[in-house]
Amino acid sequence: MQKCARLLPEKLTVYTTLVGLLNARNYNFGGEFVEAMIRQLKECLKVNMYNEAVHLVRFLSDLVNCHVIAAPSMVAMFENFVSVTQEEDVPQVRCDWYMFAFLSSLPWVGKELYEKKDAEMDRLLSQTESYLKRRQKIHVPMLQVWTADKPHPQEEYLDCLWSQIQKLKKDRWQERHILRPYLAFDSVLCEALQHNLPPFTPPPHTEDSVYPMPRVIFRMFDYTDDPEGPVMPGSHSVERFVIEENLHCIIKSHWKERKTCAAQLLSYPGNNKIPLNYHIVEVIFAELFQLPSPPHIEVMYTTLLIELCKLQPGSLPQVLAQATEMLYMRLDTMNTTCVDRLNAFAKSHHILSFDRSDCLTQDLEKPKPKFVREVLEKCMRLSYHQRIIDIVPASFSVLSPANPVCIYKYGDESNRSLPGYTVALCLTIAIKNKASNDEIFSILKDVPNPNQDDDDGEGFTFNPLKIEVFVQTLLHLAAKSFSHSFSALAKFHEVFKTLAESDEGKLHVLRVVYEVWKNHPQMIAVLVDKMIRTQIVDCAAVANWIFSSELAHDFTRFYIWEILHSTIRKMNKHVLKIHKELEETKARLARQHKRRDSDDDDDDDDRSTDREDGPLEEQIERLQEKVESAQSEQKNLFLVIFQRFIMLLTEHLVRCETGGIDVFTPWYKSCIERLQQIFLQHHQIIQQYMVTLENLLFTAELDHHILAVFQQFCALQA
């Protein structure tokens, strides 16, 4: 029963009714159950399972309606929740969670509590209003899907819930959507003896406490979008909150089984009283666009919508088409991270099947043309260039992907005057004849070094021409497929490592990869990924390359940020892997010590264990050094990324101020929102380096446009 309360919250009232009937039959059962629920609640809060804890609080509150828990003791518990807002030196997100747990339970139990403890409830609501007026909301812009509040305001979640509770109170706590099966058993339940909740004190805040992030409520539809069907509840009606909460819970319970999930959503109780299809589509998009990340993998939402369309072919596809059209029309104000997710969604749902010719009359850097271009480019990853050209109207040729051919500058005889041309021909013959690494080195020695003063005599220091000749030739010969390119990197790995030994060398290798494959973004992405894995280049080199002037033309393209986020994730995984090895080794040593302590009488075992301890302790020292080194690299990577962001944005702001130009260009919107995206997607790691970032980069002297992003990020867990 406890598990049902925690994991099936959409069926909450069914289980509270059952508990009420069992309590009426057996008073001891009710007391034991309530105590067990409080223990479970304390355990959830202890291990940071706050989402499950909300459902347990809601379950306990509904037990008041079933005459299991006495109303005064429930009010006393809520008083303890609200008192958290008076604590000093605690993060706002802690107070927010306890306030949300209290307010979100009122649709179920508000009427009952107000009838029996109206003065106490008025005092609690007054304290709530006071807290909500003084709390900081700096974080809101970072979490909004749209920057504009028209046609639907993008409200902070506690503000929205407070408005809904105020309207519920104004309506005398009457709501019309929660199923209340216990009303049918009122004659039995009203005779049951009630229990007082055990004393509950919110556990104190600790360094290990991780509270849920604040949210912004996603709104897409209102009653005007479905004039023929049932009326959609207003955004500040509590019915809207209840419906959305239950639909979110259904998705959370069944997301791993898309067919079951779709069937459960469509069989939602009371579906004839509400425009259910509109609610479902809005809730799915709300999760897909949730910042910093969706609750589940993005492809789940796509497959779920496909299943829903299969089950409701006569109505749901029309609602989905209406929704996608709205999303496309509002691209100008949509957060760049959400545009990326819509891009992935668009591939599967034919968002370009509608007339998109309006984007052809706009500047190609505007959101709509860029979106169409990115979608076509993504589609080509699952198809081929000629197929895209054949199906896209000729008028869209300016947005169609470039032919993904390799650009080999030494392949044209007209370029025979280029430095290194002769060596490139020799390399081509040698590689085709399966030359060894030593033979390649021998050929490359003949390449003159433009940086002659820096050459060490052996010819293996940074030589940009040597790198160009080798990388251009090799990638050209391996251009047939990803597999051919991977094999080439593996076979000549030693040559790459030697040529790219310095930081300048690594950066130049990446430049040449871009020159060769600039028309094939996917190839660039997979080659860079492979080069990081094989340690030909490092993560910092990739970051510097992305912010270099050579990539300025593609800076706002999706694939660039795909590469950067992939690079950051690789670095984070590397640190976690070494840290895990260190913890496992420490655990092995601790187990050996425990065995030794338990076998004090066995001298042979003692000597054997002592001999085993030495290597383990040495291994722990080596791993600790590795962890420190990896964390240093990780911190350096973020410093490089944020420093380059600051430089680019500062240059733009100065240029606009000097020229009297509007700062808020499409480029600026994309860049500042990519900065937000870095903070949000990697927030757990970045929080470790907050002090360093604040002291070195995000200082008070920084332009307020840039500093605001850092302040918004800090406010997320403040």
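On a 1 Å grid over the protein atoms alone, a pocket is an open set of points with protein on both sides within 12 Å along at least five of seven lines, and its lining residues have an atom within 4 Å of a point. Grid points are joined across faces, edges and corners, and a volume is the space filled by probe spheres set on the points. The model is predicted: local features need pLDDT of at least 70 and side-chain atom pairs count only at pLDDT 80 or more, whereas totals for chains, interfaces and linings use all residues. Residues are numbered from 1 along each chain as its sequence is written, and side-chain values use heavy atoms, with hydrogens and water left out.

The second largest pocket holds about 1,000 Å³ of space. Its lining comprises 39 residues, and H565, S566, R569, Q681 and H682 lie nearest the centre. Helices here are DSSP runs (H or I, at least four residues), numbered from the N terminus. At least two lining residues come from each of α17 (336-349), α18 (367-381), α26 (521-533), α28 (558-598), α30 (666-681) and α31 (683-686). Helix α28 gives the largest share, 12 residues. By class, the lining has 14 nonpolar, 14 polar and 11 charged residues; Ala, Val, Leu, Ile, Met, Phe, Trp, Tyr, Cys and Pro count as nonpolar, Asp, Glu, Lys and Arg as charged, and the others, Gly among them, as polar.

The whole structure has 32 salt bridges, each a side-chain nitrogen of Lys or Arg within 4 Å of a carboxyl oxygen of Asp or Glu. Burial is classed by relative accessible area: buried is under 20%, exposed over 50%, and partly exposed in between (1.4 Å probe, protein chains only).

In helix α8 (residues 118-134), K133 and E129 lie four residues apart, about one turn of the helix, and their side chains meet in a salt bridge at 3.9 Å, N to O. K133 is exposed because its relative accessible area is 66%, while E129, at 30%, is partly exposed.

Helix α12 (residues 238-254) has R240 and E244 at a spacing of four residues. Both are buried, and their salt bridge spans 3.2 Å, N to O.

A further salt bridge joins E468 and K409 at 2.6 Å, N to O. This pair links distant parts of the chain, 59 residues apart: E468 is in helix α22 (residues 464-477), and K409 is in the loop between α19 (385-391) and α20 (421-432). E468 counts as buried because its relative accessibility is 14%, whereas K409, at 26%, is partly exposed. Elsewhere, salt bridges that share partners unite R219, R240, E244 and E282 in one network.

How values were computed. On a 1 Å grid over the protein atoms alone, a cavity is a set of points where a 1.4 Å probe fits but cannot get out, and a pocket is an open set with protein on both sides within 12 Å along at least five of seven lines; lining residues have an atom within 4 Å of a point.
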